[in-house]
Amino acid sequence: MHPETLALHGGWRNDTATGAVAVPIYQTSSYQFASTEHAANLFALKELGNIYTRIMNPTNDALEKRVAALEGGVAALAVASGQAATAFSLLNLAQAGDNIVSSTDLYGGTWNLFANTFKQMGIETRFVDPADPEAFARATDERTRGYYAETLPNPKLQVFPIAEVAAIGRKLGVPLIMDNTSSPVICRPLDHGAAVVMHSTTKYIGGHGNSIGGVIVDGGNFDWEANAKRFPLLNTPDPSYHGAIWTEAARPLGPVAYILRMRVTLLRDLGAAMSPFNAFLFLQGIETLPLRMERHCANADQVAAFLKGRKEVARVIHPSQQDGEARRRAERHFKGGLGALMGVELAGGMEAGRRFIEALKLFYHVANIGDVRSLAIHPASTTHSQLSPEEQAATGVTPGYVRLSIGIEHISDILADLGQALEAAGGSMRKAAE
Ligand code: PLP
């Protein structure tokens, strides 16, 4: 089925107990066992069923199935935040002494997790430039457990070479894990060879800026057993689960060893569970996700064209404005739109950036993306202010760079707000010149 249909029907028909069509919020911590034998079977994974909401819940289950369907995966796990989803996606494969290879173009929180917290845990991250896919191969050794990248990372907003790096990884036996937060529906990384996809559901999936959450989707397309030496966590007896070998334990359920282990060990032990109430809100969000993405992308294309024609703007950063290899990658991997995140480089630099943000009336000034409302932030004076000018430049942030997340308001109102804010920014430019 198509995304518009899966967003409404994927993973759920009606509640078996009541017939309810909308997914009920199962706000319960625990579940009554039918008998002692039933309880023992559930704990031993001989029978599948609900035990305790930290590791499974019927509302979360509907969300997991729906996101898995939308991404073309076999199963998913909902967790408390996008950060938890990223951490789990790699801790499920890597332990102290291992390494991962990651694109340098990352959300700052992910960078911190890899460069600091994972390092403290004994997991090394080898950062490589995504402009050179072969760099992933060069950084790989026998202790490499995964590749990690974002589909459309800001501020550079150049589509990651998913197919190229996934193919390199498959040759070497290394799975590619994609953060697809910025481009649900318009890009399906699993179709291009990625093995795992994660989302911060906080962004487009929820869409309404009201809840924090994350989800990891198992593509079911990576042969963990053929690469058994590289993945001991999935292929050797797990002492925390009466010696279960996850690739064997999962066999009756399908190719779900990766996500099964994540649920019954990492989520059990680290406890970053998603609240069923939040799962309900994300399900509500998903129902209109394909429609929203269409409008987000259409508005963004028009904003990019508008900004390009303004004298106050030195450069517009959006896939619609790119050419060469970057454009080819965008066209190869995206369908139905090129995303709604945008960079605007103001000719007047830092001062113009500040003035522009302060003059916006419709756009919210927040550290978020993927809301139905249009959002803006000036990274040089906020999210990237702790970095030196050289470090800022390396990440793609210049003093006059403003990041926009284009919402689904009427395009005329969006353009009117941007136009009046540019006039204000332009005023400050002239003042600076005087
Ligand atoms: N990945 C990307 C691309 C993000 O933009 C964010 C948050 O801004 C995250 C992951 C982390 O998600 P969360 O804030 O839900 O923990």
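Asp371 is found in the loop between strand E10 (364-365) and strand E11 (375-377) of this predicted model. Helices (H or I, at least four residues) and strands (E, at least two) are DSSP runs, numbered from the N terminus. Residues are numbered from 1 along each chain as its sequence is written, and side-chain values use heavy atoms, with hydrogens and water left out. Because the model is predicted, local features need pLDDT of at least 70 and side-chain atom pairs count only at pLDDT 80 or more, whereas totals for chains, interfaces and linings use all residues.

With a relative accessibility of 7%, Asp371 counts as buried; buried means under 20% relative accessible area, exposed over 50%, and partly exposed in between (1.4 Å probe, protein chains only). A polar atom of the Asp371 side chain lies 2.9 Å from the backbone nitrogen of Arg373. A polar contact is a pair of N or O atoms within 3.5 Å; within protein, one must be able to donate a hydrogen and the other to accept it, and residues adjacent in sequence count only if both atoms are side-chain atoms. Not counting residues up to four places away in sequence, Asp371 touches Gly207, His208, Gly209, His296, Ser405 and Gly407, where contact means heavy atoms within 4.5 Å.

His296 belongs to helix H12 (residues 289-308) and is buried, at 0% relative accessibility. Apart from neighbours within four places in sequence, His296 is in contact with Tyr204, Ala340, Asp371, Val372, Ile406, Gly407 and Ile408.

Leu415 is part of helix H16 (residues 411-433). A relative accessible area of 18% makes Leu415 buried. Its contacts, leaving aside neighbours within four places in sequence, are Gln302, Val303 and Phe306. Leu415 and Val303 are 112 residues apart along the chain, and their C-alpha atoms are separated by 6.7 Å.

In helix H13 (residues 324-333), the buried residues are Ala326, Arg329, Ala330 and His333. These residues lie on the same side of H13 because they cover an arc of only 100° around the axis, the arc being that of the directions from the helix axis to the C-beta atoms. The buried residues of H13 pack against helix H7 (162-172).

The ligand has 13 residues around it, of which Gly82, Gln83, Asp179, Ser200 and Thr202 come nearest; a residue is near a molecule or strand if one of its heavy atoms lies within 4 Å of it. A polar side-chain atom of Asp179 lies 2.6 Å from a nitrogen atom of the ligand. On its own the ligand has 390 Å² of accessible area, of which the protein covers 89%. Accessible areas come from the Shrake-Rupley method with a 1.4 Å probe; for residues, only the protein chains shown count as cover.

A disulfide is a pair of cysteine sulfur atoms within 2.5 Å, and by this rule the count comes to zero. Cys187 is in no disulfide, the nearest cysteine sulfur being that of Cys297, 11 Å away. For Cys297, the closest cysteine sulfur is in Cys187, and the distance of 11 Å is too far for a bond. Cys187 is buried at 1% relative accessibility, and Cys297 is buried at 2%.
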